[in-house]
Amino acid sequence: MKKRMLILVCLLLVMSLLLQGCSLGLSLVPFAILGSSIRNDSEPYPEPSVEDILPNVERPEDYPEHTSFEDYDRGENAELAPVSFSEIKYERPDSSALCKAFGDVQAMVERGDDAQTVLDAFDPVYKDYLYFATMSQLAYIRYTLDLNDTFYTDENSWCEEQGPLVEQAQEKCYIAMADSAIRDELESLYFEEGFFEYYDNNQVYSNDRVVELMQQEADLQNQYMALQSDMTITWNGKECLVDDLLSDENLEYGDMLEIYRAYYQKYNPKAADLYIQLVRVRKQIAQELEYPSYAHFAYSYTYDRDYTPEQAADYTAAIARELSSLYYSAIYSSYSAEMDADTVMSKLKDTAYIFGGSIATAYDYMVAYDLYDLTQSSSKMPGSYMTYLPSYEMPFMYVSPTGTIDDLLTASHEFGHFVDGYVNCNGTTSIDCAEIFSQGLEYLTLNRADLTTQERTSLTVSKVGDSLLTFLSQACYAEFEQRVFDLPDSELTAENINKLFYECNEEFGMGMYGMEDILAPGWIDIQHFFIAPFYVISYCISNDAAVQIFEAETEDGSGLELYDTLLSNSSGNTILALMEQADMESPFDDDRAEELADFFMDYLE
């Protein structure tokens, strides 16, 4: 039997970071400040023809046929039969028993039991491991669906705290297998060829001190998430929710700025204290594991990247050099119009059926088992994500809608993740590769969704502008994060971190004279820094691939074909290798940033 490697920490990471990760962690402050200049449905763009924006692509009149999900071969058999999401019952998994069971298998290996005996004992333990991951993610989903539900708040925290202990027990078991005389036989009978090579070089959780530090990290992350719930300030003598104040349609510009100032004055010191502790804990993890820096640990172990922090630094420098002057062009390209959640889902369905193939099959599967949530609720966690329930082999899509046409692209983004999870059974282990399918599907949706000429044209320009903002903001955040980790412990202060953040924003063209006191502390709203360190560069790298999908679409209509090629080769792959297989340009090619600048200027200037 061929088994793919499932690392619980990565599953939990993807689940949690994609909650906010797919909103790209964009600070909303500059957009709020410039809000009066951003276009909406009452202030449309001059309408060039659709052919000028999206040539060589026609929306077919009839839906192509696609395979029903009952007949679709996904290549994996679920341990539990698929059921509607609402029917999945949560029960706290027995982490202590699971750890003991891994230890029992480890003891069998170390005393020299034969391979088949070991595997007979290991298989049910592995199924329990999948179940632990499934229940952990189920707790997280239900926690995000209702932040006021204290039961799932507590269960989510418990699962996150138990994760490193479970992972440690599993890793020790695998290391024993890797060091045993039955290693090759275990791979031949059950695991895939070369499975244990990973554990020859990555022995992280077997280090007790590292597990202790990771539990400290999880606790600090939970404190940050708790801090973000129901944030209030004193306004006109009353304690008010910040979100309620900012959502007031009659709010005056000067009052808005004062609300932000009061918010950051209250919450920046609290968040900074947690972040400073996180940075110190993460530095200790890297030191324990003998990595040159935490960035090197994250790039290699957490994200399995085939590029280095040094390459990323050169890339972000090129983005700052070539794209920063276009920032305001991107800001002023924004377009929005009202669109309710039912309309979004209707248009997403229509678009999926226009795509046909596995995309349409995945949509039918998602709806059949109610594996999505697009409801609007003040108690939901803001943002969007896709996660995976491994015991059921089922993806789940979460969107907290805004009531605008932007929700269509957000839903397309998360549905792109859903399609990848469905087609590849969560086998796309590279975050960089996974983000291609979300950002790429946004671009492909532009010409296939059922939109008016104004909506399609304006939304296309807006999406291109958003793509440019992705490059600038995420490259800025990546540079900022590296600089924070480079600070000596004695210089890790809120004041220094705020200063670094504003300096980075200026370098990437996103500074704003007179707004330093609002922009400088704004890094506390970027959840990636707290929840998913050194993740943000993935948005730039994958966005480069998504732009190339869009270019293929506009040049000869081959974007969907390229998307399918990438989708069919992403499982277990790394991004540079995947792009090379598809004959795409590497983001690290010479002059790539200049080419991107030319692309954006064609649409935005």
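Let me start with how α17 passes α18: the crossing is right-handed, a label given when the near helix is turned clockwise from the far one by less than a right angle, with anticlockwise called left-handed. Helix α17 covers residues 406-424 and helix α18 covers residues 431-448. Helices here are DSSP runs of H or I with at least four residues, strands are runs of E with at least two, and both are numbered from the N terminus.

The two axes lie 7 Å apart, at an angle of about 130°. Axes are lines fitted to C-alpha atoms, for helices over the stretch in contact, and angles run from 0 to 180 degrees between N-to-C directions. That angle makes α17 oblique to α18. On this scale, under 35 degrees is roughly parallel, over 145 roughly antiparallel, 65 to 115 roughly perpendicular, and the rest oblique.

A word on the source: this is a predicted model, where local features need pLDDT of at least 70, side-chain atom pairs count only at pLDDT 80 or more, and totals for chains, interfaces and linings use all residues. Residues are numbered from 1 along each chain as its sequence is written, and side-chain values use heavy atoms, with hydrogens and water left out.

Next, α19 and α23. Helix α23, residues 537-556, packs with α19 at about 150°, the axes being 8 Å apart. The pair is therefore roughly antiparallel, and its crossing is left-handed.

α19 also turns up at a cavity. Residues 453-486 form α19, which, like α12 (294-302) and α13 (309-323), supplies at least two residues of the lining of the second largest cavity. That cavity has a volume of about 120 Å³. The volume is the space filled by probe spheres set on the points, which are joined across faces, edges and corners.

Now the strands, which pair if DSSP finds at least two bridges between them. β1 (residues 232-235) and β2 (residues 238-241) are antiparallel, over 4 bridges. Ile233 has Cys240 in β2 as its bridge partner. In this hairpin, with 2 residues between the strands, Asn236 takes a positive phi near 55°.

Last, β3 and β5 (residues 394-399) run parallel, joined by 2 bridges. Tyr372 is partnered there by Met397 in β5.

Definitions and conventions. On a 1 Å grid over the protein atoms alone, a cavity is a set of points where a 1.4 Å probe fits but cannot get out, and a pocket is an open set with protein on both sides within 12 Å along at least five of seven lines; lining residues have an atom within 4 Å of a point.
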